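Let's take a walk through a protein together. Have the sequence and the 3D view open as you read.

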Amino acid sequence: MSGQGVVPGPDGLLRCPWGLEAETMADYRVYHDTEWGRPVHGDDALYERICLEAFQSGLSWLTILRRREGFRAAFADFSIAKVAEFTEADEQRLIADPGIIRNRAKIAATISNARAAAALAPGELDELIWSHAPAPDGRPVPRTATDVAAITAESTALSRDLKKRGFRFVGPTTAYALMQACGLVNDHLADCHSRDAV
């Protein structure tokens, strides 16, 4: 993200700068306006976000957004119970699937993470993740993109807790991206039109 503050879109609404990329990246704007920062609950829904954030590591988020339906088809709509039962044959099928990012380590981690999630009680993954949400009034409201952290004490603790339970590809930066995406923190900039909606 650049160090700038909000920018006006073609519709006149002010947005975080990353949410208003070139017109060819309208996917970002839709994601920014309707999903990013809004609270996500449910074990399967949060498992999906963990997996997508892991696949995004080292890549553009736009790449993940544009393949999201491919990921959902490949990973049984991110049903923890179903993916936990994937076999080595499934892993080979996924490595050949052009609808996803064919990274062997990330595919293996996604299956392994489903097994780690399946070992938890129903609702426990949701409870674990949300237990790391900081008090909303305890954080300064970011005014520019440079005010937004990449790692926090909470994301470091979340990463540690997930790893302790067997999750992979969940470092502190990935954990913070998860927290931002799933509404544990509100990192929409102060003047962004989505901030209050979140």
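Leaving aside its neighbours within four places in sequence, which residues is His 188 in contact with? With contact meaning heavy atoms within 4.5 Å, the answer is Cys 16, His 32, Trp 36, Pro 142, Ser 194, Arg 195 and Val 198.

Before going on, a word about what you see. This is a predicted model, in which local features need pLDDT of at least 70 and side-chain atom pairs count only at pLDDT 80 or more, while totals for chains, interfaces and linings use all residues. Residues are numbered from 1 along each chain as its sequence is written, and side-chain values use heavy atoms, leaving out hydrogens and water.

Look for His 188 in the segment after α10 (172–181); helices (H or I, at least four residues) and strands (E, at least two) are DSSP runs, numbered from the N terminus. His 188 has a relative accessible area of 0%, so it counts as buried (under 20% relative accessible area, with a 1.4 Å probe and protein chains only).

Now turn to Cys 16, in the loop between β2 (14–15) and α1. Cys 16 is buried too, because its relative accessible area is 1%. Beyond four places in sequence, the residues in contact with Cys 16 include His 32, His 188 and Cys 192.

These names come together in a record: UniProt, in an unreviewed entry, places the feature "binding site" at Cys 16, His 32, His 188 and Cys 192. They are spread over 177 residues of sequence, yet they cluster in space, with a largest C-alpha distance of 10.2 Å. UniProt positions follow the numbering used here, feature names are shortened, and annotations may be inferred rather than shown by experiment.

Terms used
Buried < 20%, exposed > 50% of the residue type's maximum accessible area, 1.4 Å probe, protein only.
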